[in-house]
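Subject: Structure handover and notes

Dear colleague,

I am handing over the structure below, together with some notes on what was found in it. Please keep the sequence and the 3D view open while you read, and take the notes in order.

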Amino acid sequence: MKVQVICEDCNKLVELVPLTRGQHADIGKIEGDFRIQEIELDMDYNVDEIDEVTAEVKELRIDCNSCGNYIVLNEFPTHVYR
């Protein structure tokens, strides 16, 4: 499986293709024509039990370095974190 990010305005394209075991793709490859601009995390933790902190991704923004167009990924399903 691979993920393609394509800018609709200037047609820049990057493919995130797994190169390691476990199908892990390096998000750093996106840093040529695109960049991760903004990540919003929601931290769920109990101050009394600080040894357990759960972070959930709420938003992930990908910007095109050429034309400034961007996409914001959100609404990640809760079953992903279980």
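A residue is called buried when its relative accessible area is under 20%, exposed when it is over 50%, and partly exposed in between, using a 1.4 Å probe and protein chains only. By that rule, buried residues make up 13% of the 82 residues in the protein.

Two notes on the source belong here. This is a predicted model, in which local features need pLDDT of at least 70 and side-chain atom pairs count only at pLDDT 80 or more, while totals for chains, interfaces and linings use all residues. Residues are numbered from 1 along each chain as its sequence is written, and side-chain values use heavy atoms, with hydrogens and water left out.

Overall layout

Helices (H or I, at least four residues) and strands (E, at least two) are taken as DSSP runs and numbered from the N terminus. Counted in this way, the protein has zero helices and five strands, and its pattern along the sequence reads β-β-β-β-β. The accessible surface, calculated by the Shrake-Rupley method with a 1.4 Å probe and, for residues, with only the protein chains shown as cover, comes to about 6,700 Å², and 48% of it belongs to carbon and sulfur atoms. A contact means heavy atoms within 4.5 Å; among contacts between residues at least 6 apart in sequence, 32% join residues at least 24 apart.

The core

A nonpolar core is a set of buried Ala, Val, Leu, Ile, Met, Phe, Trp, Tyr and Cys residues joined through side-chain atoms within 4.5 Å. The largest such core has seven residues, namely Val5, Cys7, Val14, Ile30, Phe34, Ile62 and Cys64. If residues up to four places away in sequence are not counted, Val5 touches Lys12, Leu13, Val14, Ile30, Phe34 and Ile62.

The cysteines

A disulfide is a covalent bond between the sulfur atoms of two cysteines, and here it is taken as a pair of cysteine sulfur atoms within 2.5 Å. The structure holds zero disulfides. Cys7 is in no disulfide, and its nearest cysteine sulfur, that of Cys67, is 3.4 Å away; Cys7 is also buried, with a relative accessible area of 5%.

Asn69 lies in the loop between strand S4 (53-64) and strand S5 (70-74), and at 26% relative accessibility it counts as partly exposed. Asn69 and Cys10 are 59 residues apart in sequence, yet 8.8 Å apart in space, C-alpha to C-alpha. The side chains of Asn69 and Asp9 are joined by a polar contact of 3.4 Å, a term for a pair of N or O atoms within 3.5 Å where, within protein, one must be able to donate a hydrogen and the other to accept it, and where residues adjacent in sequence count only if both atoms are side-chain atoms.

Asp63 has its place in strand S4 and is buried, at 3% relative accessibility. Its side chain makes a polar contact of 3.0 Å with the side chain of Arg61.

Asn11, in the loop between strand S1 (3-6) and strand S2 (13-16), is exposed, with a relative accessible area of 60%. Phi of Asn11 is near 65 degrees, a positive value in a residue other than glycine. Most residues other than glycine have a negative phi.

Best wishes
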